[in-house]
Structure formats: structure tokens, C-alpha cells
Amino acid sequence: MNALHFFLGMVGPWQIILVVAIILLLFGGKKIPELMRGLGSGIKEFKDATKEENAQQVTKKETKEDSKTE
């Protein structure tokens, strides 16, 4: 816990500005919107996949309960 608090306590506004500046230098201003779009679509696909997996688990559970009551 102390190590985690130590590292998180060190992040300040100057460090964030430095990271953003490095990202801008590496990728350029035109590439960043494409990267964010890709990140957003990846997150959306992940959420859809987890919802689909949960729905499959619920239907499996319901079918098991229905077979037990019969």
C-alpha cells in the first residue's frame, strides 16, 4: 500500500503535461484522433463481448433451472 501511494502521489500536473507532449511528438497531431477512435471502438467491442457473455451465462443458468423443475 505504501509503495502504491508513493508512486501515485508523485504524479502531478507537470508530469501529465510532459507525457502529453511526448505523445504529441511521437504520434503527431493528426494521428491522435485516429488512435482515440481505435481505442474507443476497442472498448465498445469489449463491452459488447462481456454483455454477450453474460447473456449466454444467464440463458445457460435458466435452462439448468428449467430442467431441474421438470
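This is a short tour of a predicted model, stop by stop.

**Whole chain.** Start with everything shown as cartoon. The protein has three helices and zero strands. Read along the sequence, the pattern is α-α-α.

**Surface.** Colour by burial next. Of the 70 residues in the protein, 3% are buried.

**Helix H3.** Select residues 31-69, which make up helix H3.

**Lys 31 and Glu 34.** Side chains of opposite charge can pair when their charged atoms come close. Because Lys 31 and Glu 34 lie three residues apart in helix H3, about one helical turn separates them. How exposed are the two partners, Lys 31 and Glu 34? Lys 31 is partly exposed, with a relative accessible area of 39%. Glu 34 is also partly exposed, at 43% relative accessibility. How many salt bridges does the count come to? The count is one salt bridge.

**Negative patch.** Select Glu 45, Asp 48, Glu 52 and Glu 53. Together these residues form a negative surface patch. Centre on Glu 45, which is found in helix H3. Is Glu 45 buried or exposed? Glu 45 is exposed, with a relative accessible area of 56%. Patch residues need over 30% relative accessible area, so Glu 45 clears that cut-off at 56%.

How values were computed:
Residues are numbered from 1 along each chain as its sequence is written. This is a predicted model: local features need pLDDT of at least 70, side-chain atom pairs count only at pLDDT 80 or more; totals for chains, interfaces and linings use all residues. Side-chain values use heavy atoms; hydrogens and water are left out. Patches are made of residues with over 30% relative accessible area and no salt bridge: like charges are joined within 9 Å, nonpolar side chains (Val, Leu, Ile, Met, Phe, Trp, Tyr) within 5 Å. Accessible areas come from the Shrake-Rupley method with a 1.4 Å probe; for residues, only the protein chains shown count as cover. A salt bridge is a side-chain nitrogen of Lys or Arg within 4 Å of a carboxyl oxygen of Asp or Glu. Lys and Arg count as positive and Asp and Glu as negative; His and the chain ends are not counted. The place of a charge is taken as NZ of Lys, CZ of Arg, CG of Asp or CD of Glu. Helices (H or I, at least four residues) and strands (E, at least two) are DSSP runs, numbered from the N terminus. Buried means under 20% relative accessible area, exposed over 50%, partly exposed in between (1.4 Å probe, protein chains only).
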